[in-house]
Each structure stands twice: as C-alpha cells, then as structure tokens.
Amino acid sequence: MDLRHLRYVVAAARNGSFSAAGHELNVRQPIISKRIRELEDELGVFLFDRSTAGARLTPTGEEFVVGARRIVDSFQRLSDRAKASGAGKTGRMVVGFHKSMSSGCFRAALKAFRTKYTGVEVELMEASYVELRAGVMSGTIDLAIVLGDRGKTEFLDSMPLWSAQLVVALPEDHVLAEKSTIYWSELKGERFLISNDDPGPDIRNVILRHLAAPSDHPDIIMRQLSRESMLGEVASGQGISLHCERMQLVPEHGVVFRPVHDGNGGIRLGYIGCWRPDNSNPVLKNFFETFRCFD
C-alpha cells in the first residue's frame with residue numbers, strides 16, 4: 001500500500017466510479033481498477049461493490065476511506081507547505097538595520113511584505129553596522145539594511161534598495177527655517193549634533209566632505225542619543241542635525257526639516273541590503289522584490 005493507492009480509493013469514492021476517478025486524476029481507468037484491486041487483495045477485503053452503474057463503497061470501504069482521506073489531505077497540506085516554503089511564501093527571516101534608521105520607505109516596504117506574505121515571520125533587529133555585519137557573517141541575521149554603497153560590504157553580496165533625501169533638522173525659530181531649501185554654504189558655522197549610532201558616522205563623513213577645509217573644520221558633536229532625543233536637542237537650540245528621510249518634510253516637536261542641496265541639486269544617500277552569498281533562505285528573493293517597488 002502506498003499513497004497512490006489511497007488517492008485512487010478516495011477519488012473513486014468521491015466520483016462513484018473508477019472511470020470518473022481516472023478522468024479526475026488523468027489516469028486510465030484500467031490502472032485505477034488494477035491498483036484498487038491490489039489494495040483489496042493486500043487487505044483481504046472488498047472496498048467497492050462494482051456494477052455497470054459504477055462503484056459503490058462497501059461498509060468496510062466507507063470506514064477505510066475516512067482514514068484514507070485524512071492521510072491524503074494531510075499529505076497534501078504538508079506538500080503545499082513545503083512548496084510554499086521553497087517559494088519563500090512561508091518561513092522566517094531576520095532583518096537587521098541601523099538603530100536610528102527612520103526611512104519611511106523601509107516601514108512601507110516591510111508592511112507591504114508582511115501583508116503579502118502572511119506565512120513569513122520577519123524578526124527585526126536594531127544594531128550598529130559592525131554588529132549587523134557580524135550577524136550576517138555568522139548567519140544569525142539573514143539580511144542587513146545599511147546606509148552606503150555596494151563597495152561597503154566586502155565578502156558579502158549586496159543590492160541597492162532605495163535612496164533617501166538628506167535633510168537638515170532646524171529649530172523652528174532658526175534663521176534658515178523660513179527657507180525651503182538649504183545649501184551647504186549656509187550651514188558653515190553651525191553646530192552639528194550627530195548620533196554615535198549608525199548611520200551617524202556616515203553622515204559625519206558627508207558633512208566633512210562638503211564643509212571641511214584646511215583652515216575650517218565643522219563643529220560636530222557626537223552624542224549617544226536616539227533620533228527622537230536628538231530632535232529634542234535640536235528643538236531646544238543645542239544645534240542642528242542631518243537625517244535621511246523619505247517621509248514628507250513636516251514640522252515635528254518644534255523642529256522643521258529642509259532638504260540640503262549642493263550645486264547639482266538635492267543630495268541623496270543610498271541604502272543597500274547585504275547578505276551572505278551562501279544564504280539559501282528562499283524568503284530573501286521575495287523580500288527584495290517587494291522592496292524594489294518602493295524606490
């Protein structure tokens with residue numbers, strides 16, 4: 001007895017004839033009849049009463065087909081789950097990202113993915129770039145989303161995900177708050193508050209690249225503060241800060257956001273996803289396809 005015999009019995013019982021069962025399963029009727037006869041011979045009982053009108057279950061057959069249907073259905077569910085897992089529609093993945101990352105793109109794409117793939121558990125982990133990279137290398141993190149370009153992640157595969165506008169957070173009573181666009185030259189002499197958490201160090205490098213000179217060094221203060229606490233310091237007049245944003249630039253707790261431009265226009269910083277080359281988690285592919293739609 002094997003699963004094929006049980007499938008034939010269940011189909012024949014459902015259709016009331018061997019020929020109809022064969023049509024449903026795309027199997028020739030003589031094969032259906034032969035396999036069911038083999039099963040009856042093995043069990044030493046008749047499961048069907050045969051007649052010109054079709055095939056009707058015997059009392060023993062009625063009892064047998066209840067268990068057979070349960071086994072066939074269970075196997076089908078097991079098979080469906082395995083196929084869904086192989087297609088990345090079920091399973092689990094761990095996604096790491098910067099502690100201070102506030103990109104609306106990330107939140108929107110994550111929500112879309114969870115809505116579409118309800119069978120996938122996505123576990124989020126906030127950490128520094130060093131911790132994220134170590135987690136990916138060790139296999140505890142499937143995917144890390146970080147600020148930078150593909151050359152940043154040596155020994156890891158990576159893919160560009162989206163870019164974000166660089167904006168400056170100013171106290172709402174700042175002299176530049178009335179302007180719709182801020183240029184780097186207007187930020188000379190300002191006190192920059194930058195988080196020690198990633199992507200703070202990357203933003204610090206951006207400031208140095210645009211404002212540092214042999215005789216002029218920007219006033220940069222590194223603090224171990226969350227994004228919310230940093231904006232609170234900005235609101236209280238302790239300095240200004242830079243952020244990567246995809247959300248609408250609206251005031252927040254006494255702070256206004258303005259896009260930063262250079263001579264070529266707005267400045268955008270890219271985010272990448274990085275993972276181990278040998279990571280075989282099938283969920284990754286679907287995750288990337290969802291995120292691409294939000295760039």
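This is a predicted model: local features need pLDDT of at least 70, side-chain atom pairs count only at pLDDT 80 or more; totals for chains, interfaces and linings use all residues.

Mentor: How are they arranged around the axis? An α-helix has 3.6 residues a turn, so positions three or four places apart point the same way. After α8 comes G237. The phi of G237 is positive, near 85°.

Now the rings. The whole structure holds five aromatic pairs. Take F113 with Y117. Their ring centres are 4.9 Å apart. The planes meet at 35°, so this pair counts as tilted; stacked would need an angle under 30 degrees, and edge-to-face one over 60. Are these two residues buried or exposed? F113 has 0% relative accessibility, so it counts as buried. Y117 is buried as well, because its relative accessible area of 9% falls under the 20% cut-off.

F113 has another ring partner, F287. That pair is edge-to-face, with 75° between the planes and 4.8 Å from centre to centre. It links distant parts of the chain. F113 belongs to helix α5 (residues 104–116), F287 to helix α9 (residues 283–292), and 174 residues separate them. F287 is buried too, at a relative accessible area of 1%.

One ring contact involves a charge. Here the ring belongs to Y129. The charged end of K152 sits over it, 4.5 Å from the ring centre.

Next, charge against charge. Side chains of opposite charge can pair when their charged atoms come close. A search of the whole structure gives nine salt bridges. Go to helix α3 (residues 29–43), which holds both E38 and R35. These two form a salt bridge, with 2.8 Å between the closest N and O atoms. They are three residues apart, about one turn of the helix. E38 is partly exposed, at a relative accessible area of 33%.

Helix α3 also holds E40 and R37. Their salt bridge has its closest N and O atoms 3.5 Å apart. Being three residues apart, E40 and R37 are separated by about one helical turn. R37 is at 34%, so it counts as partly exposed. This bridge belongs to a network: salt bridges that share partners join R37, E40 and R50.

Finish with R276 and D278. Their side chains meet in a salt bridge, 2.6 Å from N to O. R276 is partly exposed, with a relative accessible area of 26%.

R37, E40 and R50 are joined into one salt-bridge network.

Note on methods. Residues are numbered from 1 along each chain as its sequence is written. Side-chain values use heavy atoms; hydrogens and water are left out. Helices (H or I, at least four residues) and strands (E, at least two) are DSSP runs, numbered from the N terminus. Rings of Phe, Tyr and Trp (its six-membered ring) pair if their centres lie within 6.5 Å; planes under 30 degrees apart count as stacked, over 60 as edge-to-face and the rest as tilted. Buried means under 20% relative accessible area, exposed over 50%, partly exposed in between (1.4 Å probe, protein chains only). A charge sits over a ring if NZ of Lys or CZ of Arg is within 6 Å of the ring centre and within 35 degrees of the ring normal. A salt bridge is a side-chain nitrogen of Lys or Arg within 4 Å of a carboxyl oxygen of Asp or Glu.
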